[in-house]
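Trainee: Could you take me through one part of this model closely, namely its pockets and what surrounds them?

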Amino acid sequence: MEYILVNPEGFLNSLERANVISRELYNITFPVFQQSQDEADNNLFPWITHPDNPNEAALVVDSTYIIKVHPSCTLEKLVSVFPELDPNERFQLSSAIHQLGMFPFGLILPDTVTIRDEQYMIENGWFEAEEI
């Protein structure tokens, strides 16, 4: 497993931002207009919270996971939660996603994102070794 620590951004705390990112990644394959009411809360990746701060979240990811792109997906909300990207980078990311048709998740991670391993998470108090 791989982990991405989600920093708070703007009016979203870390947990809220993790939820938005994971939800919007799900919406790339399954656009909202096609979802049933039961799918309204579905996410692509789960997240964990730090035991000392329930608002601090990390996405549990697989950077090689292939995301299929629905031709009618919209990406505005997903790219909006990455304010570290300038407008040109946001446009390039959005264009690339639509042109590819499918892509490994790791391909769209901004340079500012660091993927962490289980050892890092243990050493930084996210969970105990025996919890894995």
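Mentor: The second largest pocket holds about 200 Å³ of space, where a pocket is, on a 1 Å grid over the protein atoms alone, an open set of points where a 1.4 Å probe fits, with protein on both sides within 12 Å along at least five of seven lines, and a volume is the space filled by probe spheres set on the points, joined across faces, edges and corners. This is a predicted model, in which local features need pLDDT of at least 70 and side-chain atom pairs count only at pLDDT 80 or more, while totals for chains, interfaces and linings use all residues. Residues are numbered from 1 along each chain as its sequence is written, and side-chain values use heavy atoms, with hydrogens and water left out.

The largest pocket contains about 330 Å³ of space, and of its 21 lining residues Ile4, Leu5, Phe82, Glu84 and Val113 lie nearest its centre. Its lining has 14 nonpolar, three polar and four charged residues, and S1 and H1 each supply at least two residues of it, helices (H or I, at least four residues) and strands (E, at least two) being DSSP runs numbered from the N terminus.

Methods:
On a 1 Å grid over the protein atoms alone, a cavity is a set of points where a 1.4 Å probe fits but cannot get out, and a pocket is an open set with protein on both sides within 12 Å along at least five of seven lines; lining residues have an atom within 4 Å of a point. Ala, Val, Leu, Ile, Met, Phe, Trp, Tyr, Cys and Pro count as nonpolar, Asp, Glu, Lys and Arg as charged, and the others, Gly among them, as polar.
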